Amino acid sequence: MDAINSINQVPISSYLLLSSVLFSIGVLGVIYRRNIIVMFMSIELMLNAVNLMLVAFSAYRNDPSAQVFVFFIMAVAAAEVAIGLSILVMIYRNTRSIDSDELKQLKW
Amino acid sequence: MENLLILIPLFPLLGFTILGLSGKNLSKSTAGAIASGSVLLSFILSVVLFSGLVSGSLPAYQQKLLDWFAAGKWDVDLSLMVDPLSSLFLLVITGVGFLIHVYSTGYMHDDDGHNKFFSYLNLFVFFMLMLVMGSNFLVMFVGWEGVGLCSYLLIGFWFKNPSYNAAARKAFVMNRIGDLGFLIGIFLIFIQFGTLEYGGTQGVFEQASHAASNDPVIVAIAICLFIGAMGKSAQIPLYTWLPDAMAGPTPVSALIHAATMVTAGIYMVARANIIYTLAPDAQVLVAYTGVITALLAATIGLAQNDIKKVLAYSTVSQLGLMFLALGVGAYTAAVFHVITHAFFKALLFLGAGSVIHAMSGEQDIRKMGGLKPHLPKTWMTFLIGTIAIAGIPPFAGFFSKDEILANVYARDKGLWLTGMIVSALTTFYMFRLLFLTFFGNFRGTHHQKEHLHESPASMTLPLVILSVLSVLGGFIGFPEVFHLPHWLHHYLSPVMEASEIRALPAEITHLTEWSLMGVALIVIAIMFFIARSKYLSREELPEPEEAKLKTLHRVVYHKYYVDEFYEGFILKPLGWFSKQLKNIVEKELIDGVVNLSGQAAMWGGKVLRYAQTGMVSFYLFMMVLGAVGLWIYFNLF
């Protein structure tokens, strides 16, 4: 009870601000970094920013369905990470690099 | 008795189905027996119906088979009917048809397509029966189209010869032109009367009989229907297909292109007689078309050297005479001539077939001659046919032709004179044909001479029966002056009643009728002696193919260049027009639009592909930009 109360003491706007900042960092990380691992991590950051916002609203509105939603997202994200990392391993094996700019054969 | 009606067309249809499905699995003799047998059964039923109608034990009636379709207030039944007019046509179609089927078993015996031939013949008989038995214009139209199809199939029966196929196409297309007229006529009838049924108190003819004379709609209907008849019955300007139709096997020429199908137009006009009686303007057109066709075809017939072509032009000419009769309102006389003509023209064609059979396929009369001792039965029957068509009493042609000419004289002396000239020309070219074919010396090759043989019994028997009919057929309608009953007139009167009330047949005195008959006989005798002295005594021969002919002769020999005229003035411009359409509209316009859109897509792709840099970061950047753009679009605007 304490924990919930302490969460509720923080206003919703702070959660929104935090998750927006996290999301923006994720976006900028994806755009500006060329290291694929970092890009990947930034994507995860964006996902988690969204998750944070969902649970924040869940607590704010006393509606647990958003939390169920978040669990699904986390499960799917775990699977996505597995696939993403395996793709990354294949990229590294083929190009001996994890620089995304190396991957520009697919063009006109 | 009531249900007999459907059986009549059903038998030939069954025959067609069996033969069509079994193909070459049936032996030739079985196939021939099935085909002939089915028509014979129809013939027997027709005789039963006919005797019922004659004795009065059976009224004219109709039988509804099924509701064909209904649209709004309009119901069309698929129903058949029999009345005096259609019963006569039934007898001719099934009777002459049966004889020709029997003849074909002999004539087509060695042909590869024997079974196919019989299946087509049966199909033809079926459609022809539908045409005359239908109780409304739409069923008649179905039969009308069906016989056109069978005619096409049978003209092009020997499909390996391209010129035969061209003849088949020509027949089909010319018929289609006429059919369009017929169809428009049917539409007009429907608009005007709201029904297509012939009979009954609400029927077309009952309603039409109350119309005023020369009502514009009635005249238009009559003319449209007549255009249909022009195509089917080979009248100017749509007659050129019939001589070419001789490309088909000879029994086909006899059955379809002489005895039955080409008389469908006369049947139609006779059926719709009240409409024509009420449209004197259309009647004038019918009469003049008929007489001009008759004269033109008869003169062409004078100069032809192909035995079947002579008979073909003779058919066109006789059909013209029938239309002349229809045009002066002598419907009974026209039907009378249809019947006698079916007998003697089928006989002549079958005789010609027998000659061609004996001559191993030769059709040129310049290469015949002296066949009389070799083909005694064919010669006797051909002679009877010739006498009958020339109009020498007491053979069938005399009575029907005399009746037509007497009726025409009562209406218009000029038309009568032309009809008389046609009759004279007929006598001349028929005896010319007879003398050149059967008299004189044999002019064929040695090989052909050794092969000369009389045809088998299956071919000569129909000839004998038809020649008996050609002798006796005229007795169904004696001229009035003989004071004998005109049976046909009496029999058909229920069908022609309405017309006779509206337009009394013109009367001529007995003296005039006797003198007309005398004039006709004198003219025929003169023409006979001219032909005799020219081709029998002096043994003159038609000029060989390469000879230079005198101008008039050349024009007639080349059929007045009508085919060339059509070729030059209709086909060529049409062909030119379609070529322009192909080259300009199709190639430039339509293809241009299609190609342009393709090129635009290609060009667009060429430009847009530079956006595909292959740089992941660029794509991601664009994606984010897009997302931001969408957000701005949906939130700020």
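Visitor: How many helices and strands are there in chain A?
Guide: Chain A has four helices and zero strands, where helices (H or I, at least four residues) and strands (E, at least two) are DSSP runs numbered from the N terminus. Please note that this is a predicted model, in which local features need pLDDT of at least 70 and side-chain atom pairs count only at pLDDT 80 or more, while totals for chains, interfaces and linings use all residues. Residues are numbered from 1 along each chain as its sequence is written, and chains are lettered from A and ligands numbered from 1 in the order in which they are written.

Visitor: What does chain A span along its principal axes?
Guide: The C-alpha trace of chain A spans about 55 × 25 × 25 Å. Its radius of gyration, taken over C-alpha atoms, is 18 Å, whereas a compact globule of 108 residues would have one near 13 Å; that rule is 2.2 Å times the number of residues to the power 0.38.

Visitor: And what percentage of chain A is buried?
Guide: Buried residues make up 11% of its 108 residues. A residue is buried if 20 or more other C-beta atoms lie within 10 Å of its own, exposed if 12 or fewer, and partly exposed in between, with C-beta atoms placed from the backbone.

Visitor: Changing topic, which residues have the most contacts inside the largest nonpolar core?
Guide: They are B:Leu324, B:Leu326, B:Ala334 and B:Ala346, in a core of 199 residues. Helix α15 (residues 331-358) of chain B gives the most to this core, with 18 residues. Such a core is a set of buried Ala, Val, Leu, Ile, Met, Phe, Trp, Tyr and Cys residues joined through C-beta atoms within 7 Å.

Visitor: What does B:Leu324 touch?
Guide: Not counting residues up to four places away in sequence, B:Leu324 touches several residues, including B:Ala287, B:Val291 and B:Ile404. Contact means that the C-beta atoms of two residues, placed from the backbone, lie within 7 Å.

Visitor: Is strand β1 of chain B enclosed or in the open?
Guide: Strand β1 (residues 61-71) lies largely in the open, because the number buried among its eleven residues is zero.

Visitor: How does β1(B) pair with β2(B)?
Guide: β1(B) and strand β2 (residues 74-82) pair in the antiparallel sense over nine bridges; pairing requires that DSSP find at least two bridges between two strands. The bridge partner of B:Leu66 is B:Leu78. In this hairpin, with two residues between the strands, B:Gly72 takes a positive phi near 60 degrees.
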